[in-house]
Each structure stands twice: as C-alpha cells, then as structure tokens.
Amino acid sequence: HEEFMRLAHEPKVLSALRPIDGAVQGLEQFMAMGYRIAVVTGRPSTSAEVSRAWLDDHGVPYHQLTFVDKYGRGSRNDGYANAITLGELGRMSFCFAVEDSAETTAFLTESMALPVALFERPWNRAHRFSSPRARRLVARCADWSEIVDRFRNCFPY
C-alpha cells in the first residue's frame, strides 16, 4: 500500500489527472458568490509544486492550498514535513467542505462541526454515519451542480 501511494503521488501521475467534471465551473460559481476557496489535500507536501501547477494549468480557482498529514505519516519522513496535522486543521475555520473520504468527513463533522458535501464514490457509498451530528451535517452529493445548489447559501463572510 505504501509503495502504491508513493507512486500515485509522483509528479508525472499527478500531472496527468483530469479535474472532476463540473468542479472548475462549480468553484468558479462559489468564487463569484464571494467565497474564499481553500484547497485542503492529504497529498504529501512534497507534491506542492506539481499541485499548484496542476491547479493553475486547469484554471481551478482557489485562494489557499494546504497540505494535511491525515494519517500521521510525517513522523516517518514520508514527504509530509511541511503539512499541518489534523489537530491544526481542526482549529481552522471553514463554511463547509467537499470531501470523498467517509473517515475525513467524520472528522470534519465531529471535530469541527463542519457541514460536508460528501461526493458520492464507490468507496464511501456503504458508509453510514452513526452520530446524529454527522447525519445532520453530511449532504451526499452526486456531482458539482448538486454541491453548488446545496451550499450556495452557506456564505460566512
């Protein structure tokens, strides 16, 4: 698994990825509404250069790019030296999040009381959130147009 993850974060692999359909347009709509867009990723912080280039090459609007060591890998020197911890992420403030990981969604709802658009994916469809808070804060969304429709009125500023 570790070797697979290392290979998956190689610059040539990351550069070849395509944006999810509707993502750029959805983020442009949020930007036009006045939202500040923070891209928060669990990629290793050693991928910062290729990640910024990818965002710029694909016209992804954003104000901030943050790397989070979601699994405590930084202590093993796996490229997360400049990433923040989940604890540090938990002290940040956001209006809502878009996520595809059920585990990260649980952290965001439980630790931060943050509404989350959980992007429906095969790896999270079977997950059922047990806490009342998570069930209240999670909106499962099939695509970016649904995310925009559900979260257009979450304006915090």
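This is a predicted model: local features need pLDDT of at least 70, side-chain atom pairs count only at pLDDT 80 or more; totals for chains, interfaces and linings use all residues.
1. The structure holds four aromatic pairs. In one of them, the ring centres of F30 and F96 are 5.3 Å apart and the planes stand at 55°, so this pair is tilted. The pair links distant parts of the chain, since F30 belongs to helix α3 whereas F96 sits in the loop between α5 (86-90) and β4, 66 residues apart. Both F30 and F96 are buried.

2. F96 also pairs with Y35, this time edge-to-face, with 6.0 Å from centre to centre and 85° between the planes. Y35 lies in the loop between α3 and β1 (38-41) and F96 in the loop between α5 and β4, so the pair ties together parts that are 61 residues apart in sequence. Y35, like F96, is buried.

3. Helix α8 (residues 144-151) has W144, I147, V148 and F151 as its buried residues. These cover an arc of only 95° around the axis, which puts them on the same side of α8. The buried residues of α8 pack against helix α3 (23-32) and against the strands β4 (97-99), β5 (116-119) and β6 (138-141).

4. H58 is found in the loop between α4 (48-57) and β2 (64-69). Its relative accessible area is 18%, and because buried means under 20%, H58 counts as buried. Leaving aside residues up to four places away in sequence, H58 touches L17, R18, P19 and V24.

Note on methods:
Residues are numbered from 1 along each chain as its sequence is written. Side-chain values use heavy atoms; hydrogens and water are left out. Helices (H or I, at least four residues) and strands (E, at least two) are DSSP runs, numbered from the N terminus. Buried means under 20% relative accessible area, exposed over 50%, partly exposed in between (1.4 Å probe, protein chains only). Contact means heavy atoms within 4.5 Å. The arc is that of the directions from the helix axis to the C-beta atoms. Rings of Phe, Tyr and Trp (its six-membered ring) pair if their centres lie within 6.5 Å; planes under 30 degrees apart count as stacked, over 60 as edge-to-face and the rest as tilted.
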